[in-house]
Every structure is written in structure tokens, then in C-alpha cells.
Amino acid sequence: MSSLKSWKEIPMGGVAYRLSTDVKTGDWRALKPVIDQNKCTKCMICWLFCPDMSIIWDGEKVYVNYDYCKGCGICANECPVKAISMVPELGE
Amino acid sequence: MVVKTLPEIQVKKGEPPYKIWIFEPGEKKELPLIFNLRQLAEQRRPALLPGHRMCAGCAAPIVVKLASFAFRGPTIVVTATGCLEVSTTIYPYTSWALPWIHNAFENAAATASGIEAAIKAMKKTGRLKYENVDVVVFAGDGGTYDIGFQALSGMAERGHDVLYILYDNEAYMNTGIQRSGGTPKYAWTTTSPVGRVIPGKSENKKPIADIMVAHRIPYVATATPAHWMDLVKKVRKGIEVNGPAFIHALSSCDRGWRHEESISVEVLRRAVDTCYFPLWEWSPETGYLLTDRSLVIARNPSLKQPIEKFLEVQGRFRHLLRPENKELVKQLQEYVDATWNDLLKRASNAPR
């Protein structure tokens, strides 16, 4: 948010007017999931259990949207073939 | 109010991975249930958008996500105050891809009743653009067991066509892990601390699903997101019945239950494997029916795990694993066995 709006400019009734996709929760992450594409069987269990909707299936392969991934590791724990490993974020 | 455009991440020929659900007026199509995960990923978008501020490893967004795959068409979501409401709609942001309303802590069921009555009235006068609109409530255990119970009971008594989904993380996690009616016996919380005087909460969990069965509403079920197919089927059944329906979904909380974030789904699986949280459904016609993993355990009792399997991964039960507290674990085991045997007697599909 660049500048705060006055009460005359915001919509009535406390209607939330922006989508939370603007908020990148990826910077919460300490460990990041990395998918080994050779081991991945594309069973989509990680996509199903991801609480942040950050596993994406593009029709050919599964990848992680690091903009929103909070690094909880549920995907790595649930993966039946252990194709996902949690790697420490080393920072920029 | 024009909503800002969604970030363009190319998935499947120019389709963004995160979409707001828009239903054209008069659209009659009933969304089918899909159990093939790759098809599901291609054809459905969850009702919850990313960027919500739930803790890493929270199971509540998984409950909402799985439930939204069972929605059949235009739906209005109501949430009671709780973790889910507070962290998905931090003003001016919203994570809901559906029409969503929050009113107050205690009256989620009453708000949903009002919406359902308004839909009926609009339909009667021909002002409703859709064939039917479903109303789904998501509420936590504080908003259901304790604060919102009178509204829920009233909704069930008046027979409004609303599906009420309780995601039960067994304490007031949002305000800092205070005990609720849903907290199990001997669990540590900040208002039932473990010490020399008491070994955690000294009362048992309120059997909320059995209380809803006693209201004799058309559909009551228990579910966990770990058994996702079961959960999706039950949500669809709850939406389809004509009248109030109630689903009790156990949802782990890594901050309050004091377990690692990565085993949030695993711990729910253990809750079902130890029969701490049996999966069943109830309707006036069929009576109690065991489902999914609990039915497997009923047919093959050797699969039933001791309660320690559920307790050992959680920090809130850490004091129970000390040698001097063996007696308390035995009491818990006896309580779990008693409720499980009682359920086996009532369930019509359990082997005798």
C-alpha cells in the first residue's frame, strides 16, 4: 500500500476490494521445497495438500510458485516418492 | 468496485492459476465431482486464493480448499470470527474467490440463516438470477462449541438449507491458545497450563457432532483433510441435502498443538488411526455409518493404534509421556476405547 485512503475514498460497509494475491507471503519462508523432476510421478498429492495454493500444474510438470510458498514442508512430507526436498534459503 | 487484475502466470494456454469464481446468471450447470487429481488441477480452482496470512502448516486452508472442490455452483461463504476469518481477510485484502461475509463471532449460523431466507424470498419474487445458491459456513471450534452454539442450534431447529463446516483446531488459537469446549482432556493450553496442580485441561471434549445428530438434521458427518476423498464426498452430500447439514472436520494447528509444520496432515491421519477421531456420517434414514479409514479399522481391529501414537508427536501432550503420568494416558486410552466401542455399537455397517 503506497498511501492510506481517507474514509471518503474507501468502499462502504468495509468491503475488502483487493485480492490477497497482491501479498507475497513467500518471504516468510526459511526452507524452500525443490521438486526433483526425475523422481516426480505427477500424482498431484502435493498440489492437493498445499495450504498456500503454491504448487502449480501446467499440464506437463509440477512446479512451485515461490511468491506464496511459506515453506511449511507438508508437500515434502506427503510426497509418496519423496521427490520434494526442503532446502535452506540462503538469502540474496 | 473493480477488482485489480490477477497476476499473469501462464498456466494451460493463457489461463491464470488463481481465478475468482464467476457464475453467469441463469447458468444451470452443476459442477461434477472429480477424483482424478490431474483433471482436478486442470479444471478447478480452489475458492481460497494464495496470499492469505494463515500460519505455515495450518490445516484450515486445506479444509477450505478441499471443500471448495465439492461446491456445485453459485455459493455464498459465511465465516465466524476465528483464525480463518482474521487471516484471510486483512483489510483491504480478501483471499476468497467467492462472495463472502463475516458478521460477528457468535452469529455465523444466524447470518447464514438470513442469507438463505433472503435467497428463498428473492426466488419467490423472481429476482434471483440463479437456479439455486448454496450457503456454506466455515467456523472454528470457538465459534461453534462455545460462542456460536445457540445460533447453530437455532439454525438446525428452524431447518435452514445451510451447510455448516466446523474446522476444529481444539482451542482458541487465534487469540493465543486458550482452552475451548473442543480441547481434549489433559491437553496443555495457556489457560489450562501443566503444573503441579493440574495436568492440562481437566474436562473431556464436547461431542459436538453427536449433539448435532440429536437435533435430527438431515446430514451430520465427521471428516479430516487427510482423508480428502471422504471429505469432498461428505461436503457434496451436505450441500445436496435439503435442510441443515453439519460437518465436523478436525484441523491441526502446528502452533497450538506444538508439532512440526510439515506433519500437519500426518497428525490428522494418526488421529483417525488411533480412533481418537473416528470418521462417520449420519442421516435419519441410514443412521450412523463408518466411512473410509474408520470402516477399515472396524473390519480389521488389529490396525487400531494405541493413543500414544497420536500423543507423541504433539508438544501439548508432552507431559503425558513422562513415566509418572502413565495413569493419565491409560485413562485417555480408556475414554477413546469407550467412545469407539459405543460408535461401533451404533454404526449399522460395523461388523458384529
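Tutor: Start with a term: a residue is buried when its relative accessible area is under 20%, exposed when over 50%, and partly exposed in between (1.4 Å probe, protein chains only). Helices (H or I, at least four residues) and strands (E, at least two) are DSSP runs, numbered from the N terminus. This is a predicted model, where local features need pLDDT of at least 70 and side-chain atom pairs count only at pLDDT 80 or more, while totals for chains, interfaces and linings use all residues. Residues are numbered from 1 along each chain as its sequence is written, chains are lettered from A and ligands numbered from 1 in the order in which they are written, and side-chain values use heavy atoms, leaving out hydrogens and water.

Our part is H9(B). Seven of its 10 residues are buried, so H9(B) is largely enclosed by the rest of the structure. The buried ones are B:Ser264, B:Val265, B:Val267, B:Leu268, B:Ala271, B:Val272 and B:Asp273. What covers them? Contact means heavy atoms within 4.5 Å. The cover includes parts of both chains: from chain A, helix H1 (45-49) and helix H2 (74-78). From chain B, it includes helix H2 (60-68), E7, helix H10 (292-299) and H11. Just after H9(B), B:Cys275 has a positive phi of about 65°.

Rings of Phe, Tyr and Trp (its six-membered ring) pair if their centres lie within 6.5 Å; planes under 30 degrees apart are stacked, over 60 edge-to-face, and the rest tilted. That rule gives 10 aromatic pairs over all chains. In one of them, the ring centres of B:Trp257 and B:Phe310 are 6.3 Å apart and the planes stand at 85°, so the pair is edge-to-face. B:Trp257 is in the loop between strand E7 (245-250) and helix H9 (264-273) of chain B, and B:Phe310 is in helix H11 (residues 308-311) of chain B, so the pair ties together parts 53 residues apart in sequence. B:Trp257 has 0% relative accessibility, so it counts as buried. B:Phe310 also has 0%, so it counts as buried too.

Step back to chain B. It has 12 helices and nine strands. Of its 352 residues, 57% count as buried. Its C-alpha atoms fill a box of roughly 65 × 45 × 40 Å, taken along the principal axes.

Chain A has two helices and five strands. From the N terminus on, its elements run β-β-α-β-β-α-β. Its C-alpha trace spans about 55 × 30 × 20 Å along the principal axes. Buried residues make up 46% of its 92 residues.

Last, the place where the chains meet. The contact takes 41 residues from chain A and 49 residues from chain B. Buried area is the accessible area (1.4 Å probe) that two parts lose on being put together, summed over both. Chain A and chain B bury about 4,100 Å² between them, with 66% of it on carbon and sulfur atoms. A:Leu19, A:Trp47 and A:Met53 supply 18% of the area that chain A buries against chain B, more than any other three residues.
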